[in-house]
Amino acid sequence: MAKAIPKITLSASRDIPFNKLVLSQSNVRRTKAGISIEDLAEDIARRGLLQSLNVRPVLEADGTETGMFEIPAGGRRFRALELLVTQKRLSKTALIPCIVRDPAAAISAEEDSLAENVHRVALHPLDQFRAFKALRDEGGSDEEIAARFFVSSVVVKQRLRLAAVSEKLLDVYAQDGMTLEQLMAFTVTTDQARQEQVWEGLQHSYNKEPYLIRRQLTDNAIRASDRRARFVGLESYEAAGGALLRDLFEDDGGGWLQDMGLLDRLATEKLAVEAEKIAGEGWKWIEVALDFRYGHAQHLRRLDGVQVDLTPAEQTSVDALTAEQAKLESEYEGADELPDEIDARLGEIETALAAFEDRPARYEPAEMARAGVFVSIDSDGQLSVDRGYVRPEDEPQSPVGDQERAEGESGESDEMASASANVQRTVITIGGEQPDDDVEDDAIRPLPERLVGELTAHRTLALRDAVANSPQVALTMLLHKLCLDTFQRSAPGACLEASVCHVFFPVQAADLKDSPSAKAVTERHEAWKAELPKNDHALWDWLSTLDESRRAALLAHCVSFGVNALYEKGDRYGGAGISAHGVQQRIAQADRIARAVGLDMVDAGWRPTVDNYLGRVTKPRILEAVREAKGEQAAQLIDHLKKPEMAKEAERLLDATGWLPEPLRLADRRDLSTPIDTVLALPAFLADEQAQDAVIDGSDQHPIAAE
């Protein structure tokens with residue numbers, strides 16, 4: 001006969017008056033955790049006690065019951081009930097549902113208390129999301145749901161945002177196929193097909209980090225920190241119907257804008273509105289663009305405007321702001337960190353003072369009638385207005401103020417110019433550049449010709465800056481040029497025909513004008529320009545008064561503008577352009593100068609990005625860069641990705657590695673005594689002239705053929 005299995009007997013439940021309950025010293029929970037006693041009391045007041053207290057009778061010394069009960073498990077609930085009694089919201093004799101344990105049980109009170117806390121399993125986030133969603137479907141708002149469960153509304157929004165994730169991915173998460181952080185990364189977009197596509201692609205990758213998921217989901221979007229987005233404003237963009245991606249789980253810097261075409265249109269329209277306002281000042285022309293190339297105004301004459309003096313009221317405001325700024329800085333001089341309100345106020349003061357300093361200059365109406373303005377967006381997303389440029393074709397036949405011109409003729413011309421200024425309508429030109437088309441290729445091929453031109457433009461500008469800071473090298477360069485002219489070629493008979501031809505960049509990257517080298521060159525040029533006398537006769541006397549160090553510095557600055565380390569396709573047929581041999585000489589001499597000044601393009605601020613290199617070359621080139629900088633293992637982590645994702649991931653891997661593409665590296669040291677005419681052929685990344693003939697012409701974006 002089979003042995004009977006003993007049946008389990010559960011502890012009985014009883015309703016016990018609150019004033020018969022006391023907290024047991026056997027309760028293992030000593031440290032505060034979870035929601036506060038106050039919040040728990042409010043929840044009990046709203047919905048009642050959901051879980052009974054676990055109690056044991058208090059015994060006398062002889063083992064008889066005293067009528068009191070101690071609570072080893074449920075101490076927080078007891079304290080919440082106690083608070084309600086204290087607040088007179090609950091009667092002290094109110095009946096409390098309890099599970100009464102046998103005092104003679106073999107299991108101790110401490111073990112009961114420990115089991116209740118250890119065996120508790122937290123609610124799965126996905127279950128919490130579904131529960132919040134059910135409450136939302138019943139009509140509850142985010143704030144109401146948050147108040148009921150004593151969490152912030154942000155937590156509720158985050159959990160409800162998981163509704164944007166594909167059910168397929170939610171099932172993967174529920175089966176522990178992905179982490180919560182990975183699931184949260186998918187919430188940046190509501191395109192569930194794209195979510196599933198990205199997850200499927202990651203199955204063949206070693207790297208499934210959340211940041212990579214976010215990057216792939218936003219690869220065609222624009223950061224809210226983009227200068228165009230900051231100029232237009234997110235509210236205006238969304239009001240125009242633009243879609244905005246937001247990440248509720250990470251700091252997204254304002255999110256991502258999905259409609260690039262709409263953003264560019266809104267930015268251009270806003271610039272056009274500003275241009276119409278500026279047109280009322282009386283300029284002949286205004287050029288409007290989202291961005292202008294570096295050196296776009298080098299061939300134009302800049303008008304010398306007169307800074308308008310501050311009015312008494314404005315000067316009073318400046319003095320008051322300056323005094324307030326000095327006072328605040330003095331009060332918090334020793335503070336490790338400024339209070340938020342003080343930091344904000346100092347920022348407001350700096351902005352207000354900058355507005356007084358950056359006021360437009362005043363120009364003569366006659367000059368304005370032949371000059372123009374460039375209107376664009378600066379790197380901070382603010383309106384950039386650059387006034388007072390005269391095109392060569394608009395220059396007067398006789399310079400204004402010419403001593404040889406009759407005074408009456410001058411007056412007549414000025415009157416005509418002023419009259420013209422009053423009747424002419426400002427011509428506003430709106431335009432911009434389009435990004436280069438990308439060429440996909442699976443083989444390691446030479447770099448595209450346009451890209452090499454852009455990279456060498458970066459190097460040329462950095463080399464100019466370095467030469468300008470190396471007077472001895474600049475002097476050597478000038479003497480070298482003069483010696484070549486003197487001893488190797490016949491020079492025309494003149495007092496001195498030595499000149500520096502300012503070299504412009506026909507091909508340049510969009511970030512060239514914002515590079516550290518460009519800013520340094522411009523700042524130095526404007527500083528010297530402000531010192532130079534306007535009159536040529538006074539210039540000679542001024543130069544004579546300079547000490548040797550300043551004279552050398554000025555010489556270095558002037559010579560630096562003639563530096564040309566640009567690559568361009570050589571003319572093999574004896575045309576007007578530079579020959580292929582001439583390009584070889586130029587690159588070799590540029591290497592000599594770069595070595596002399598110790599040029600390092602990493603120190604000059606160049607970093608490989610998707611825009612300036614990685615997105616412009618083939619996948620093998622990208623892998624080659626990562627392999628050189630980080631090793632084979634790093635290259636294998638991204639070799640399965642599509643090119644856009646590979647380029648973005650490579651940018652992250654190459655950050656702070658100091659890696660440079662071949663055109664920006666310093667060439668291997670060779671014997672500097674080797675005649676320049678015997679320089680080796682151009683590096684492999686440049687064009688082979690014969691192979692170039694096989695390339696179909698018609699675009700400057702084709703790859704350079706290999707040597």
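Let's start with a cluster of charges: R227, D291, K513 and D514 are linked in a network of salt bridges. The model you are looking at is a predicted one, and the count of salt bridges in it comes to 29. A few of the others are worth a visit.

Turn to helix α13, residues 260-279, where R265 and E269 sit four residues apart, about one turn of the helix. Their side chains meet in a salt bridge, with N to O at 2.9 Å. An α-helix has 3.6 residues a turn, so residues three or four places apart point the same way. Both partners are partly exposed: R265 has a relative accessibility of 41%, and E269 has 39%.

E348 is partly exposed at 47% relative accessibility. R345 also meets E324 in a salt bridge, at 2.8 Å from N to O. Because R345 lies in α15 and E324 in helix α14 (residues 312-331), this pair ties together parts that are 21 residues apart in sequence. Both count as partly exposed, R345 at 28% relative accessibility and E324 at 29%.

E329, D336, E337, D340, E341, D343 and E350 form a negative surface patch. Helix α15, residues 340-357, supplies the largest share of that patch, four residues.

Now move to helix α1, residues 37-47, where L40, A41, D43 and I44 are buried. Seen down the axis of α1, the buried residues fall within an arc of 160°, so they line one face of the helix. After α1 comes G48, with a positive phi near 85°.

Finally, look at the backbone in two loops. Most residues other than glycine have a negative phi. K88, however, is a residue other than glycine with a positive phi, near 60°. K88 is found in the loop between α2 (75-86) and β5 (95-100), and is exposed, with a relative accessible area of 75%. A656 is not a glycine either, yet has a positive phi of about 65°. You will find A656 in the loop between α26 (643-654) and α27 (689-692), where this alanine is exposed, with a relative accessible area of 71%.

Note on methods. Residues are numbered from 1 along each chain as its sequence is written. This is a predicted model: local features need pLDDT of at least 70, side-chain atom pairs count only at pLDDT 80 or more; totals for chains, interfaces and linings use all residues. Side-chain values use heavy atoms; hydrogens and water are left out. Buried means under 20% relative accessible area, exposed over 50%, partly exposed in between (1.4 Å probe, protein chains only). The arc is that of the directions from the helix axis to the C-beta atoms. Patches are made of residues with over 30% relative accessible area and no salt bridge: like charges are joined within 9 Å, nonpolar side chains (Val, Leu, Ile, Met, Phe, Trp, Tyr) within 5 Å. Accessible areas come from the Shrake-Rupley method with a 1.4 Å probe; for residues, only the protein chains shown count as cover. A salt bridge is a side-chain nitrogen of Lys or Arg within 4 Å of a carboxyl oxygen of Asp or Glu. Lys and Arg count as positive and Asp and Glu as negative; His and the chain ends are not counted. The place of a charge is taken as NZ of Lys, CZ of Arg, CG of Asp or CD of Glu.
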